[in-house]
Amino acid sequence: MAASIDPNMSCRRHHIEELLELLGTQFLEMVPIRKMKWKDEETAALVATPQLQQRVLHATVLNPVCRLHPPALSYRTHFMKQLIQKLEQLDAEICDEVYETYTDLLTQREDDDDTLCYKTYTLPDGDRVSLQESVNLVSQGTTGLSTWQAAQHLAEWIVENPGVLSDRNIVELGCGLGLTGVVACRACSVKSYTFTDFHAQVLFLLAKNIETNLSHPPSSSLQQASPADTRDKKMFRKIKRQLSLTTDKTDLSCTPSGDHSLGAGEDTGMEVQAVLSPDKPNNNMGVEEAGEEDEDEISVSEDDEVRAAGNGAKLEVNEARWELDGKQQTAVLRADPRVSVCWLDWEQTSTTPGSSLQADVILGADVVYDPSIIPSLVRLLRKLLEPGKKSKAFIASTVRNEDTRDAFLIALSSEGLSYSVVEGPKQELFHYDRMVPIEILKITFQPT
Ligand SMILES: C[S@@+](CC[C@H](N)C(=O)[O-])C[C@H]1O[C@@H](n2cnc3c(N)ncnc32)[C@H](O)[C@@H]1O
């Protein structure tokens, strides 16, 4: 006789699995604790048994992904605090593993620094993209050390529209830490993908993120710590130290222009308003901090003087993994030569190698936020679009300020570029704040 299935039981199991997946993906993405969705209280109550509490731990803080690519320590600690509070509210018997895990995190607090962390984004097939990011939205005078909502939005759109990029040469402008590009390279069979940006620390971390996510086999953080990579270790220390010096978690308020956004990943769950003022190129990785002596200092070489003379940054990449061009401004990933990183400054197109790139499709996420940079960005778009004629650009922008958006549209028209708004992604893949509208513009040289 066939065993009868209790429909309530299977429905309950389904809810539990859904909740565990929801918690796990939000946790790995470092969704602010206060904004984390627990489904409803009734569903949350399902995980109140000791066995299911352990499953929550294994979906989050004890997840193998979290061990390899950990979110910020303060974030993990806050998550555990929130879990314990929830269980207390439910009057649940809290299992020892929950307290042990929390205590473990509290003891780590003293010796770990928390300026860089991993955020892991889960794709529809369960595949993951882990990016090393700053815990703060704006740091070191750049917005490029965090992943912005527009990059997540554009990545979601790409996952739903892979045909747009398949078999095409793609150039991404102001790519930041690489989420859009890594997702594009995973989801579409691109002919080539060139990640471009102009900020030295952004380019350094971007190269690391590409190594982690697009090399086969992937290079792990453990490999990064090998003795052969001493220079990388120094670079990481330098970035972390600069981040801890320039970080101000409380003063992320509106700029005079009124251009602002809600932050997506503040570790304490505090709602953040981020300044989006002009980025500074910071071409010099070896810059000295005032009054600081450090035996690990990266020496300022003659090359640095060349940079200071305005001839552009040199990419600081691991040559075992990247093949650099003569000027060290373009690097090709050895593990996948379709992928390259290029130093490209929209304001210095005569000296930047990237401006002569061949692109079938140009991408950009959250690159339209600073009115002063719009003219050079649009001139570069025209330069890249005109020769191909059939080339297209897809620019995703968080519309924080109508004036900035209008200035961009007017600049496009005056450069002879036409545009239309494309339909955004239908499915919500990532857990970013969707209150501020994000728009994807398709831009072409000739009217469509
Ligand atoms: C708001 S961030 C967006 C980063 C990424 N696309 C995202 O959405 O997560 C803007 C990016 O544009 C880059 N950027 C700003 N001005 C630039 C310029 N003049 N030339 C090249 N890149 C620039 C910054 O370095 C930064 O990475």
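Biologist: How many helices and strands does the protein chain have?

Modeller: The protein chain has 14 helices and 13 strands. The model is a predicted one. Of the 448 residues in the protein chain, 42% are buried. Among contacts between residues at least 6 apart in sequence, 71% join residues at least 24 apart.

Biologist: What is the mean pLDDT of the protein chain?

Modeller: The mean pLDDT is 81, and 75% of the residues reach 70 or more. Over residues 221-225 the pLDDT is below 50, and beyond near neighbours in sequence this stretch has seven contacts in the model. Residues 248-275 also have pLDDT under 50, with 67 contacts beyond four places in sequence.

Biologist: Why is P162 called partly exposed?

Modeller: P162 has 14 C-beta neighbours inside 10 Å. A buried residue needs 20 or more and an exposed one has 12 or fewer, so P162 counts as partly exposed.

Biologist: Where does P162 lie, and what is P162 in contact with, leaving aside its neighbours within four places in sequence?

Modeller: P162 is in the loop between helix 7 (149-160) and strand 3 (169-173). Leaving aside neighbours within four places in sequence, the contacts of P162 are with A187 and C188. The C-alpha atoms of P162 and A184 are 7.7 Å apart, although 22 residues separate the two in sequence.

Biologist: Which residues of helix 6 are buried, and why are they said to line one face?

Modeller: V98, T101 and L105 are buried. Seen down the axis of helix 6, the buried residues fall within an arc of 70°, so they line one face. An α-helix has 3.6 residues a turn, so residues three or four places apart point the same way. The cover over the buried residues of helix 6 includes helix 3 (50-59) and helix 5 (73-89). On the face turned away from the buried side are the exposed residues D96, Y99, E100, T103 and T107.

Biologist: Which residues come nearest to the ligand, and what classes make up the shell?

Modeller: There are 24 residues around the ligand, of which G144, A151, G174, G176 and F198 come nearest. The shell has twelve nonpolar, seven polar and five charged residues.

Technical notes:
Residues are numbered from 1 along each chain as its sequence is written. This is a predicted model: local features need pLDDT of at least 70, side-chain atom pairs count only at pLDDT 80 or more; totals for chains, interfaces and linings use all residues. A residue is near a molecule or strand if its C-beta atom, placed from the backbone, lies within 6 Å of it. Ala, Val, Leu, Ile, Met, Phe, Trp, Tyr, Cys and Pro count as nonpolar, Asp, Glu, Lys and Arg as charged, and the others, Gly among them, as polar. Helices (H or I, at least four residues) and strands (E, at least two) are DSSP runs, numbered from the N terminus. The arc is that of the directions from the helix axis to the C-beta atoms. Two residues are in contact if their C-beta atoms, placed from the backbone, lie within 7 Å. pLDDT is the predictor's confidence in each residue, from 0 to 100.
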